[in-house]
Amino acid sequence: MGQEDVWALNGVTLQVKKGEFVAIMGHSGSGKSTLLNVLGCLDVPTSGRYILDGTPVAGMNRAALARVRNQKIGFVFQSFNLLSRTTARENVELPMLYNPTAPRGKALHDRAEYLLEHVGLGDRMLHTPGQLSGGQQQRVAIARALMNNPPLLLADEPTGNLDSHASQEIMHYFRKLNEQGQTIVMVTHETDIAAYAKRKIVMRDGKVLP
Ligand SMILES: Nc1ncnc2c1ncn2[C@@H]1O[C@H](COP(=O)(O)OP(=O)(O)O)[C@@H](O)[C@H]1O
Ligand SMILES: [Mg+2]
């Protein structure tokens, strides 16, 4: 920030194993989103190493990072980030459209429909986001995040815009996915949401508390 360096993260060492479900907790400004953005290859640390699914990420160019994000990571955001003029099914198909080696046509539709049925939206495939509740929109976003079958699912305050009923519903679904083997790292500042994770890490001033 101008002349002043902000240490959003400072000396973070963290290992997440395949199949884990980790909640990152901490007060506002503690560095949770920055850490998640580094894990998601949206942000590159000034120094240090990050090895994702066995591959060192440091030094990759923009195109390689984009490919890693598309194929290795599924993102779920607080504000859903769906395309508003586009149907649920088209939103879910999007990550595969950016994957040049992925199937097209019927196989693409079939995969999106399978995932939407999996999140209980089999009867809402042609609805646009405005025709869906918040909880339903977040379930579309989860189906989208899983489209390329990524080894890592990242979620930044996934229930932050949902009422408590929809929040529980989304967390039940996260737990189910994790039980099926999906690795999940989720940021939340709510203890009852973090309780769904198997491991909690707490951040303060850019560091992971011991
Ligand atoms: N792009 C940026 N430029 C300068 N400071 C930033 C930037 N992004 C985040 N920060 C600062 O880094 C710290 C951590 O931010 P963030 O990771 O967003 O925290 P959290 O998600 O825990 O609320 C905060 O002090 C924030 O103000
Ligand atoms: Mg944040």
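Q: How do the residues of the shell around ligand 1 divide into nonpolar, polar and charged?
A: In this predicted model, the residues around ligand 1 are Met1, Val6, Ala8, Gly26, Ser28, Gly29, Ser30, Gly31, Lys32, Ser33 and Thr34. By class, the shell around ligand 1 comes to 3 nonpolar, 7 polar and 1 charged.

Q: Which element gives the largest share of the shell around ligand 1?
A: The shell includes Lys32, Ser33 and Thr34. The element with the largest share contributes 3 residues, and it is helix 1 (residues 32–39).

Q: Why is helix 1 said to be largely enclosed by the rest of the structure?
A: A residue is buried if 20 or more other C-beta atoms lie within 10 Å of its own. In helix 1, that holds for Lys32, Thr34, Leu35, Leu36, Val38 and Leu39. Helix 1 is therefore largely enclosed, as its count of buried residues is 6 of the 8.

Q: Which residue takes a positive phi just after helix 1?
A: Helix 1 spans residues 32–39. Just after helix 1, a positive phi of about 60° is taken by Cys41.

Q: Is Val68 buried, exposed or partly exposed, and what decides it?
A: Val68 is found in helix 2 (residues 62–72). A residue needs 20 or more C-beta neighbours within 10 Å to be buried, and 12 or fewer to be exposed. Val68 has 18 C-beta neighbours inside 10 Å, so it counts as partly exposed.

Q: Which residues is Val68 in contact with, leaving aside its neighbours within four places in sequence?
A: Cys41, with its positive phi of about 60° just after helix 1, is one of them.

Q: What distance separates the C-alpha atoms of Val68 and His109?
A: Val68 belongs to helix 2, while His109 is part of the contact that helix 4 makes with helix 3. The two residues are 41 residues apart along the chain, and their C-alpha atoms are separated by 23 Å.

Q: At what angle do helix 3 and helix 4 cross?
A: The axes of helix 3 and helix 4 (residues 106–118) come within 9 Å, and their crossing is right-handed. Ala88, Arg89, Val92, Glu93 and Met96 of helix 3 meet Leu108, His109, Arg111, Ala112, Glu113, Leu115 and Leu116 of helix 4. By class, this contact has 7 nonpolar, 1 polar and 4 charged residues. The crossing angle is roughly 115°.

Q: How are helix 3 and helix 5 arranged, roughly parallel or roughly antiparallel?
A: The axes of helix 3 (residues 88–97) and helix 5 come within 7 Å and cross at roughly 30°. Angles under 35 degrees count as roughly parallel. Helix 3 is therefore, relative to helix 5, roughly parallel.

Q: Which residues of helix 5 make the contact with helix 6?
A: Helix 5 (residues 134–146) and helix 6 (residues 164–179) pack at about 20°, with their axes 9 Å apart. That makes the two helices roughly parallel. From helix 6 come Ala166, Glu169, Ile170 and Tyr173, and from helix 5 come Gly134, Gly135, Gln138 and Ile142.

Conventions. Residues numbered from 1 in each chain as written. Chains lettered and ligands numbered in written order. Predicted model: local features only at pLDDT ≥ 70, side-chain atom pairs only at ≥ 80, totals over all residues. Axes fitted to C-alpha atoms, helices over the stretch in contact; angles between N-to-C directions. Helix = DSSP H or I, 4+ residues; strand = E, 2+ residues; numbered from the N terminus. Parallel < 35°, antiparallel > 145°, perpendicular 65-115°, else oblique. Contact = placed C-beta atoms within 7 Å. Near = placed C-beta within 6 Å. Nonpolar A, V, L, I, M, F, W, Y, C, P; charged D, E, K, R; others polar. Left-handed = near helix turned anticlockwise from the far one by under 90°.
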